[in-house]
Every structure is written in C-alpha cells, then in structure tokens.
Amino acid sequence: MIGILIIAHAPLANALRECALHVFPDCASGVLALDVLPNESPEDSLAKARAAMQALGTEEVLLLSDVFGATPCNVAQQLNDGLHTRLVAGTNLPMLLRSVCYRHESLEALAARAQAGGTQGVMPVGSTAPQNQTGKRHAPNHHDHQQ
C-alpha cells in the first residue's frame, strides 16, 4: 500500500487527516499529517516531513499539500523524487478520501485519482433540497409572506 503524507498550513493537515479517519477509521497508519506552523523554519518543517515519511514505512508515498508555491508545498517538493513519491497540490477532503480508497493502485494511478477526486469534488450546488430529504425548504417563497 502507498502511504499518504499531508503537508499543509496548520491546522489543515491534521484536520484533513481526522476527517479521513472519521470516514475510514482503519486508514490511520497509512495517512500521516504535518501541520506547518507559521513561525517554523522551512528546514525544521523539512526535517519533520522526512521523519513522517519514515514513520509511514511504505516504499512509495503520495504527498498532498494545500497551496502550490507556499512553504508546505515547497517542503513537499524537496521530498518529491518522482520515482517513489508524487506530489499533488491544492488538497481538499474529496481528494484525500479518493486517495485513501485507491492506495492499492500504482503511485502514478493514485496521483491521477487524487487530482481527479479533488477537482470532481468541487461543484456548484443548487438551492433546491436534495431528493432524499423531506420537509419544508427554508427558503421563503411568495406563499410565506403575509400581506
């Protein structure tokens, strides 16, 4: 199985990991998080990231970072060798959940699934109630107003 390391601005990395554990409680050992603190040096963050990769104990690691060009992503780029690691920036919860589900695939396929999951998880949502919900809509309509 491929390990997943989330490197993001504090507290996002650990928050994303906790959300993933809420949905997939058995993924704890395969998904680790590194919150990059505001006043921490990039060198210290890199040392912590290297230790986290070691702690995963997997031959291959999918690196997920929050914002391309920011310190967490820059740290992750220093870990990304392109052979045993892949890095996808712009992580969100749909991306992470998709990644957890497909950790058994190849690293290349997992990185592609992560990116697809992240983009497909972003969508406009209409104002009508979902079909599986019952009850009155909270949005007022012309019948709700007294004249």
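The exercises below, each with a worked solution, concern a predicted model.

**Exercise 1.** Determine the strand order of the open sheet and state which strands stand at its edges.

Solution. The open sheet has 4 strands in the order 2-1-3-4, and the pairing is parallel. Strand 2 and strand 4 (85-89) each have a single partner strand, so one side of each lacks a neighbour in the sheet; these two are the edge strands. On average, neighbouring strands are turned by 20° against each other, direction ignored.

**Exercise 2.** Describe how strand 1 is connected to strand 2.

Solution. Together with helix 1 (residues 12-23), the two strands make a right-handed β-α-β unit.

**Exercise 3.** Is strand 2 largely enclosed or open?

Solution. A residue is buried under 20% relative accessible area. In strand 2 (residues 31-36), 5 of the 6 residues are buried, so the strand is largely enclosed by the rest of the structure.

**Exercise 4.** Classify Glu59 as buried or exposed, and locate this residue.

Solution. Glu59 belongs to the loop between helix 2 (42-56) and strand 3 (61-65). The cut-off for exposed is over 50%; Glu59 has 67% relative accessibility and therefore counts as exposed. Glu59 and His84 are 25 residues apart in sequence, and their C-alpha atoms are 6.7 Å apart in space.

**Exercise 5.** Which residue lies over the face of Tyr102?

Solution. Arg113 lies over this face, at 3.8 Å from the ring centre.

Conventions
Residues are numbered from 1 along each chain as its sequence is written. This is a predicted model: local features need pLDDT of at least 70, side-chain atom pairs count only at pLDDT 80 or more; totals for chains, interfaces and linings use all residues. Side-chain values use heavy atoms; hydrogens and water are left out. A charge sits over a ring if NZ of Lys or CZ of Arg is within 6 Å of the ring centre and within 35 degrees of the ring normal. Buried means under 20% relative accessible area, exposed over 50%, partly exposed in between (1.4 Å probe, protein chains only). Two strands pair if DSSP finds at least two bridges between them. A crossover is right-handed if, with the strands pointing away from the viewer, the path from the first strand over the helix to the second runs clockwise. Axes are lines fitted to C-alpha atoms, for helices over the stretch in contact, and angles run from 0 to 180 degrees between N-to-C directions.
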